[in-house]
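Please look over the structure below.

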Amino acid sequence: MEKRAVYAGVSTPALLLIPQLAIIVIFFYLPAGQAVWQSFQLQDAFGLSTIFVGFENYRDLFTRPEYLHALGVTVVFSALVAFFSLSIALLLAVMANKQIAGAGVYKTLLIWPYAVAPAIAGVLWLFLFQPSMGMVARWLQWAGIDWNPLLDGTHAMILVVLASTWKQISYNFLFFLAGLQSIPHSLIEASAIDGAKPMRRFWTIVFPLLSPTTFYLIVVNVVYVFFDTFGIIDAVTHGGPASATTTLVFKVYNDGRSGGDLGSSAAQSVILMIIVIALTAIQFRYIERKVNY
Amino acid sequence: MTFRSVFAAAALLAGTSHAALAQTEIQWWHAMTGANNDVVNKLADDFNKSQSEYKVVASYKGSYADTLNAGIAAFRAGNAPHILQVFEVGTASMMGAGKAIKPVAELMAEAGEKFDPKSYLPAVAGYYSTAKGELLSFPFNSSSTVMWYNKDAFKKVGLDPNAPPKTWPDLFEAAKKLQAAGYANCGFATAWITWVNIEQFAVWHNTPLATKGNGIDGFDTELTINKPLFVKHLQNLVDLQKTKTFDYSGRTNQGEGRFTSGECPVMITSSGFYGNVKANAKFDWANAPMPYYPDVPGAPQNSTLGGASLWVMGGKPAAEYKGVAKFFTFLSDTDRQAALHTVSGYLPITTAAYEKVKASGFYKDNPYLETPLKELTNKPPTENSRGLRLGNLVQIRDVWAEEIEDALAGKKTAQAALDSAVQRGNQMLRQFERTVQK
């Protein structure tokens, strides 16, 4: 029997809900509504003149190659970051979960990067890979690689993927580690007694039992890549060279804030919101079924 | 902390700010860092000490773009500062801002302050004036584009360190020699890729970069940067990039350190680079005017301004505007301008201040500070060289840079890149035209 706390009447529960609802309304529904409204307008930067233009901002986006290009960049970027940050974090978590001396130190060190602000993470990597003064960049040049993220789009993409992945590994590591620790040891021991080798034990027992964590992390990582990597991109490449690292969220910022084109920026953020809602819905609706809880 | 104590603290704060209202406060938002920040604070301080009626409060608001955005956001929220420092790229946006701004000429006239636009250097006043010659913003920190070069490197390869290359072809040859002598990664470079290679480039060659007098005579301006001269220059850079005789160094001044570190022996960038070079370059250096193509008739013309000006925001009471006007009169004082120039390296903005510093013999020991002035005043400005005024220029510059990067990376031809830069830039100009205050 489920334990339930029952309040008399509606006023007390309503009162208790109000703060939470107020926060959601003020910080989510109002700004989101405002974005939708602004996406139908064309405004000067100072907000002095406003023209209602219907769907023109949206039509402009889809008739210009730049927006579709940014969409493609975002897909490549998010796939790379999600794949690498999840797989590296899982590897590290499996290692750290073993009975080893100083595990606590490793764990703390691995979690630390999460405390670093995205822009600072970006600058750290920029220092390493900056063609003129970066340490790693110099090694690459010695190795005969013409490393130049200022002009080579692929190099720039590698750089932002590295920084974004590095930043996210800690978070994924933490969840994987918690997931691993909740797997009953008896199961693993039983299969070991049955003669299963570590690799086989991992893929047939540990990995499936981790799937709720993995699934959750995929959702969170995609949202991270879509929204939170903006600081890194702004600091490292500013979307360049050309527009090789201009993702959707960076374009929202750049068009709106630097360009003062709030209408187009709002339209782009509405589209971004729809994409993320759709992705999350698809993931929960279809992938969740295959997840073992 | 309880709510009550928060309110108490807020009430206390409100109380203290009211107590200070005996003086009229003038808010001044700016983007100056380091030594320049000190200059701004000292100016405000000196003004405040010189009289008791007004108090100028200077606040740092981040980079130029951040400061402009902060000012715009504050205006939308109804609490704009009185004075906003806006970089030259934001000039057209401010000019198109209608009642959000108060023209400086009008402000001075209403406040009854003596004000003669002719006392400013023509290249300076022209940049911040309407087509009719009405000064809209107050010129503050001005710079121009110059070529910085490493004299030691020149000596090393047998180039005359006192006769730097005057033309682009000469520079290309010199850069090849420098490269062969050990500057393998970079013969020469430019910072601010679009400012140097499109904006200043066009003005210096007396060639329009947009119709309607580079946008000054109307918002219905269209870009012309896909004309042969621009294509030729970009093609030269593309060819030289392949061997790193020219090496691309980013859209802003992020690459300037390649000069002071000794990696690039020639760097074309702002004259405001002076302080950095002086402090960090461990070699003998000098600067010279920007190169030009000798086959272009009229080149070199004059250069145009970089840096920033002070805009007065609209909708403030007359009493406060009077304080702003008094502050501007204070700033224009010849001795103050002369001192500002020699101490900070900013250009003097009035003719009188320039003449005064010149007469004092200051430039004999510091010729580097005069190079940008000589460029600005090289010839009387023409329709093509008095400046440029393009709305959404911050964003348009990004588009130009994107296209130039594509060309330098070999993904597009120079012509295709500039065609695309024109087409995309024009879309932004049309949008600005639609929303601008007329």
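**Two domains in chain B**

In this predicted model, the C-alpha centres of domain 1 of chain B and domain 2 of chain B lie 30 Å apart. Domain 1 covers 3-143 + 305-368 of chain B. Domain 2 covers 145-302 + 391-435 of chain B.

**Where the domains touch**

- The contact draws 14 residues from domain 1 of chain B and 18 residues from domain 2 of chain B.
- On the domain 1 side, α4 (91-95) and β10 (306-313) of chain B each give at least two residues.
- That side of domain 1 of chain B has seven nonpolar, seven polar and no charged residues.

**A helix pair**

- Helix α11 (residues 228-242) and helix α19 (residues 393-408), both of chain B, pack at an angle of about 45°. Their axes are 9 Å apart.
- From α11(B), the contact uses B:Leu234, B:Leu237, B:Val238 and B:Gln241. From α19(B), it uses B:Ile404, B:Ala407 and B:Leu408.
- By class, this contact of α11(B) with α19(B) has six nonpolar residues, one polar residue and no charged ones.

**Confidence**

- The mean pLDDT of chain B is 88. In chain B, 95% of the residues reach 70 or more.
- Residues 1-20 of chain B have a pLDDT below 50. Beyond near neighbours in sequence, this stretch has one contact in the model.
- For the complex, the predictor gives an ipTM of 0.82 and a pTM of 0.84.

Key
Residues numbered from 1 in each chain as written. Chains lettered and ligands numbered in written order. Predicted model: local features only at pLDDT ≥ 70, side-chain atom pairs only at ≥ 80, totals over all residues. Axes fitted to C-alpha atoms, helices over the stretch in contact; angles between N-to-C directions. Helix = DSSP H or I, 4+ residues; strand = E, 2+ residues; numbered from the N terminus. Contact = placed C-beta atoms within 7 Å. Nonpolar A, V, L, I, M, F, W, Y, C, P; charged D, E, K, R; others polar. Domains from an automatic or database assignment. pLDDT = per-residue confidence, 0-100.
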